[in-house]
Amino acid sequence: MSPVIAIDGPAASGKGTLARRIAASYGLAHLDTGLTYRAVAKALLDRGLALNDEALAVETASSVDFDTLDREALSAHGVGEAASKIAVFPGVRRLLVARQRAFAARSGGAVLDGRDIGTVVCPDAAVKLYVTASAEIRAERRHREILAGGGKADLAEILADICRRDMRDAERADSPMRPATDAHLLDTSEMDIETAFQAARAIIDQRLCRAD
Ligand code: CDP
(Lines give C-alpha, C1' and ligand atoms only; values in the text may rest on other atoms or scores of the structure.)
Protein backbone atom coordinates (compact mmCIF):
# COMPACT_ATOMS: atom_id res chain seq x y z
CA MET A 1 0.00 0.00 0.00
CA SER A 2 1.28 3.53 -0.81
CA PRO A 3 -1.01 5.79 1.17
CA VAL A 4 -1.11 9.53 0.72
CA ILE A 5 -1.87 11.45 3.89
CA ALA A 6 -3.05 15.04 3.38
CA ILE A 7 -2.66 17.49 6.26
CA ASP A 8 -4.06 20.99 5.91
CA GLY A 9 -4.59 23.88 8.24
CA PRO A 10 -3.83 27.55 8.94
CA ALA A 11 -0.53 29.15 9.96
CA ALA A 12 1.09 27.80 13.13
CA SER A 13 -1.66 25.24 13.70
CA GLY A 14 0.99 22.58 14.34
CA LYS A 15 0.38 20.80 11.03
CA GLY A 16 4.05 20.88 10.00
CA THR A 17 5.37 19.27 13.18
CA LEU A 18 2.53 16.78 13.06
CA ALA A 19 3.22 15.96 9.40
CA ARG A 20 6.91 15.34 10.10
CA ARG A 21 6.13 13.03 13.03
CA ILE A 22 3.48 11.14 11.08
CA ALA A 23 5.83 10.67 8.11
CA ALA A 24 8.58 9.34 10.40
CA SER A 25 6.20 7.08 12.27
CA TYR A 26 4.67 5.49 9.13
CA GLY A 27 7.92 5.49 7.14
CA LEU A 28 6.55 7.85 4.45
CA ALA A 29 8.21 10.64 2.49
CA HIS A 30 7.15 14.14 3.52
CA LEU A 31 6.67 17.40 1.62
CA ASP A 32 5.88 20.66 3.41
CA THR A 33 4.22 22.42 0.47
CA GLY A 34 4.41 25.75 2.32
CA LEU A 35 8.15 25.65 1.67
CA THR A 36 7.53 25.64 -2.09
CA TYR A 37 5.54 28.91 -1.83
CA ARG A 38 8.09 30.29 0.62
CA ALA A 39 10.96 29.49 -1.79
CA VAL A 40 9.32 31.51 -4.57
CA ALA A 41 8.61 34.43 -2.21
CA LYS A 42 12.16 34.42 -0.84
CA ALA A 43 13.69 34.38 -4.31
CA LEU A 44 11.68 37.53 -5.11
CA LEU A 45 12.49 39.20 -1.77
CA ASP A 46 16.22 38.44 -2.12
CA ARG A 47 16.28 40.26 -5.45
CA GLY A 48 14.19 43.14 -4.12
CA LEU A 49 11.40 42.36 -6.62
CA ALA A 50 7.68 43.07 -6.25
CA LEU A 51 5.36 40.43 -4.83
CA ASN A 52 2.29 41.65 -6.69
CA ASP A 53 3.37 40.88 -10.26
CA GLU A 54 1.99 37.51 -11.40
CA ALA A 55 4.20 37.16 -14.50
CA LEU A 56 7.32 37.79 -12.42
CA ALA A 57 6.19 35.36 -9.72
CA VAL A 58 5.50 32.65 -12.32
CA GLU A 59 8.89 33.19 -13.96
CA THR A 60 10.54 32.94 -10.54
CA ALA A 61 8.53 29.82 -9.63
CA SER A 62 9.74 28.08 -12.78
CA SER A 63 13.39 28.74 -11.92
CA VAL A 64 13.40 27.72 -8.22
CA ASP A 65 15.14 24.44 -7.36
CA PHE A 66 12.55 22.50 -5.34
CA ASP A 67 14.86 19.57 -4.63
CA THR A 68 16.86 21.51 -2.07
CA LEU A 69 14.30 23.40 0.00
CA ASP A 70 16.10 24.71 3.09
CA ARG A 71 13.58 24.88 5.97
CA GLU A 72 15.91 27.00 8.10
CA ALA A 73 16.53 29.62 5.40
CA LEU A 74 12.82 29.80 4.55
CA SER A 75 11.48 29.88 8.09
CA ALA A 76 11.35 33.65 8.71
CA HIS A 77 7.91 34.94 9.67
CA GLY A 78 8.11 37.61 6.94
CA VAL A 79 8.76 34.98 4.28
CA GLY A 80 5.51 33.24 5.28
CA GLU A 81 3.64 36.51 4.91
CA ALA A 82 5.24 37.11 1.48
CA ALA A 83 4.44 33.52 0.47
CA SER A 84 0.74 34.11 1.06
CA LYS A 85 0.90 37.06 -1.36
CA ILE A 86 2.34 35.11 -4.29
CA ALA A 87 0.16 32.07 -3.41
CA VAL A 88 -2.92 33.91 -4.71
CA PHE A 89 -1.63 33.73 -8.31
CA PRO A 90 -3.18 30.84 -10.30
CA GLY A 91 -0.09 30.65 -12.57
CA VAL A 92 2.18 30.10 -9.56
CA ARG A 93 -0.19 27.55 -8.03
CA ARG A 94 -0.41 25.56 -11.29
CA LEU A 95 3.37 25.14 -11.41
CA LEU A 96 3.75 24.26 -7.74
CA VAL A 97 0.75 21.93 -7.59
CA ALA A 98 2.15 19.91 -10.54
CA ARG A 99 5.38 19.37 -8.59
CA GLN A 100 3.50 18.54 -5.41
CA ARG A 101 1.37 15.94 -7.22
CA ALA A 102 4.49 14.34 -8.69
CA PHE A 103 5.87 14.06 -5.17
CA ALA A 104 2.63 12.48 -3.90
CA ALA A 105 2.66 9.93 -6.73
CA ARG A 106 5.98 8.37 -5.65
CA SER A 107 5.85 4.70 -4.81
CA GLY A 108 5.76 4.05 -1.09
CA GLY A 109 3.33 6.81 -0.22
CA ALA A 110 3.75 10.30 1.16
CA VAL A 111 2.59 12.86 3.66
CA LEU A 112 1.95 16.36 2.27
CA ASP A 113 1.00 19.34 4.37
CA GLY A 114 -0.34 22.70 3.28
CA ARG A 115 -3.61 24.54 2.71
CA ASP A 116 -5.18 22.77 -0.29
CA ILE A 117 -3.79 19.24 -0.18
CA GLY A 118 -7.08 17.48 0.61
CA THR A 119 -9.11 19.71 -1.70
CA VAL A 120 -6.91 20.27 -4.77
CA VAL A 121 -3.47 18.62 -4.74
CA CYS A 122 -4.50 15.14 -3.57
CA PRO A 123 -8.31 14.95 -3.48
CA ASP A 124 -8.05 11.13 -3.44
CA ALA A 125 -5.75 10.97 -0.40
CA ALA A 126 -6.39 7.95 1.83
CA VAL A 127 -6.51 10.14 4.93
CA LYS A 128 -7.22 13.86 5.26
CA LEU A 129 -6.63 15.84 8.41
CA TYR A 130 -7.49 19.49 8.92
CA VAL A 131 -5.51 20.81 11.87
CA THR A 132 -6.71 23.97 13.58
CA ALA A 133 -6.25 25.95 16.79
CA SER A 134 -7.55 29.34 17.86
CA ALA A 135 -5.73 32.35 16.37
CA GLU A 136 -4.56 33.39 19.88
CA ILE A 137 -3.01 30.01 20.61
CA ARG A 138 -1.36 29.90 17.18
CA ALA A 139 0.09 33.38 17.70
CA GLU A 140 1.50 32.30 21.07
CA ARG A 141 3.09 29.21 19.49
CA ARG A 142 4.69 31.23 16.68
CA HIS A 143 5.87 33.84 19.20
CA ARG A 144 7.52 31.14 21.38
CA GLU A 145 9.12 29.62 18.26
CA ILE A 146 10.66 32.97 17.24
CA LEU A 147 11.96 33.66 20.76
CA ALA A 148 13.38 30.13 21.02
CA GLY A 149 15.26 30.76 17.77
CA GLY A 150 16.87 33.84 19.32
CA GLY A 151 14.65 36.33 17.45
CA LYS A 152 12.51 39.19 18.69
CA ALA A 153 8.79 39.56 18.10
CA ASP A 154 5.71 41.29 19.41
CA LEU A 155 2.83 38.94 20.26
CA ALA A 156 0.11 41.41 19.23
CA GLU A 157 1.81 41.96 15.86
CA ILE A 158 2.09 38.22 15.27
CA LEU A 159 -1.59 37.75 16.08
CA ALA A 160 -2.49 40.50 13.60
CA ASP A 161 -0.24 38.88 10.94
CA ILE A 162 -1.80 35.48 11.49
CA CYS A 163 -5.34 36.86 11.20
CA ARG A 164 -4.41 38.76 8.02
CA ARG A 165 -2.80 35.65 6.54
CA ASP A 166 -5.78 33.43 7.48
CA MET A 167 -8.04 35.88 5.67
CA ARG A 168 -5.81 36.06 2.58
CA ASP A 169 -5.54 32.25 2.42
CA ALA A 170 -9.22 31.60 3.02
CA GLU A 171 -10.57 34.28 0.70
CA ARG A 172 -8.42 33.87 -2.41
CA ALA A 173 -10.33 32.75 -5.47
CA ASP A 174 -7.97 29.92 -6.48
CA SER A 175 -7.76 26.97 -4.05
CA PRO A 176 -8.83 28.79 -0.89
CA MET A 177 -7.85 27.25 2.43
CA ARG A 178 -10.75 25.14 3.69
CA PRO A 179 -11.26 21.63 5.04
CA ALA A 180 -12.13 18.98 2.44
CA THR A 181 -15.64 17.66 3.03
CA ASP A 182 -14.13 14.29 3.99
CA ALA A 183 -11.37 15.70 6.24
CA HIS A 184 -11.09 14.85 9.92
CA LEU A 185 -10.92 18.02 11.98
CA LEU A 186 -8.27 18.11 14.68
CA ASP A 187 -8.47 21.15 16.97
CA THR A 188 -5.14 21.29 18.80
CA SER A 189 -5.94 24.40 20.89
CA GLU A 190 -5.92 22.33 24.07
CA MET A 191 -3.40 19.70 22.94
CA ASP A 192 0.37 19.51 23.20
CA ILE A 193 2.17 18.01 20.21
CA GLU A 194 2.30 14.51 21.72
CA THR A 195 -1.47 14.48 22.36
CA ALA A 196 -2.13 15.83 18.84
CA PHE A 197 0.16 13.17 17.37
CA GLN A 198 -1.64 10.36 19.24
CA ALA A 199 -5.02 11.71 18.12
CA ALA A 200 -3.83 11.90 14.50
CA ARG A 201 -2.44 8.36 14.67
CA ALA A 202 -5.74 7.02 15.93
CA ILE A 203 -7.57 8.63 12.98
CA ILE A 204 -4.97 7.42 10.44
CA ASP A 205 -4.88 3.85 11.77
CA GLN A 206 -8.64 3.65 11.62
CA ARG A 207 -8.80 5.04 8.05
CA LEU A 208 -5.95 2.92 6.67
CA CYS A 209 -7.32 -0.18 8.28
CA ARG A 210 -10.74 0.49 6.73
CA ALA A 211 -9.11 1.05 3.32
CA ASP A 212 -7.40 -2.39 3.44
O1 CDP B 1 4.23 27.46 8.44
P2 CDP B 1 3.05 28.33 8.17
O3 CDP B 1 1.77 27.64 8.46
O4 CDP B 1 3.15 29.69 8.79
O5 CDP B 1 3.03 28.66 6.62
P6 CDP B 1 3.37 27.71 5.40
O7 CDP B 1 2.62 26.40 5.54
O8 CDP B 1 4.84 27.63 5.25
O9 CDP B 1 2.71 28.51 4.15
C10 CDP B 1 3.09 29.80 3.81
C11 CDP B 1 2.02 30.36 2.87
O12 CDP B 1 2.06 29.62 1.65
C13 CDP B 1 0.58 30.23 3.36
O14 CDP B 1 0.13 31.32 4.14
C15 CDP B 1 -0.21 30.11 2.06
O16 CDP B 1 -0.56 31.37 1.55
C17 CDP B 1 0.75 29.46 1.11
N18 CDP B 1 0.43 28.05 0.90
C19 CDP B 1 -0.57 27.73 0.01
O20 CDP B 1 -1.21 28.62 -0.54
N21 CDP B 1 -0.87 26.44 -0.28
C22 CDP B 1 -0.19 25.45 0.31
N23 CDP B 1 -0.48 24.18 -0.03
C24 CDP B 1 0.83 25.74 1.24
C25 CDP B 1 1.11 27.05 1.54
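Helices are DSSP runs (H or I) of at least four residues, numbered from the N terminus. In this predicted model, helix H2 gives the most to the shell around the ligand, contributing four residues. Helix H2 (33-46), helix H5 (77-86) and helix H9 (155-171) are each the source of at least two residues of that shell.

In total, the ligand is surrounded by 18 residues, of which the closest are Arg38, Arg93, Arg142, Arg165 and Asp169. By class, the shell comprises nine charged, five nonpolar and four polar residues. The ligand itself sits in the largest pocket.

A polar side-chain atom of lysine 15 is located 2.9 Å from a ligand oxygen atom, and for arginine 93 the corresponding separation from an oxygen atom of the ligand is 2.8 Å. In arginine 165, an N or O atom of the side chain likewise lies 2.8 Å from an oxygen atom of the ligand. Of the 530 Å² that the ligand exposes when taken alone, 95% is buried by the protein.

A further residue examined was phenylalanine 197, which belongs to helix H10 (residues 193-211). Phenylalanine 197 has a relative accessibility of 6% and therefore counts as buried, the cut-off for this class being under 20%. Although phenylalanine 197 and arginine 21 are 176 residues apart along the chain, their C-alpha atoms are separated by 7.4 Å.

Conventions. Residues numbered from 1 in each chain as written. Predicted model: local features only at pLDDT ≥ 70, side-chain atom pairs only at ≥ 80, totals over all residues. Heavy atoms only, no water. Near = heavy atom within 4 Å. Polar contact = N/O pair within 3.5 Å; in protein donor to acceptor, adjacent residues only side chain to side chain. Areas by Shrake-Rupley, 256 points an atom, 1.4 Å probe, with all protein chains shown as cover. 1 Å grid on protein atoms, 1.4 Å probe; cavity = no way out; pocket = protein on both sides within 12 Å on 5 of 7 lines; lining within 4 Å. Sits in = over half its atoms within 2 Å of the grid points. Nonpolar A, V, L, I, M, F, W, Y, C, P; charged D, E, K, R; others polar. Buried < 20%, exposed > 50% of the residue type's maximum accessible area, 1.4 Å probe, protein only.
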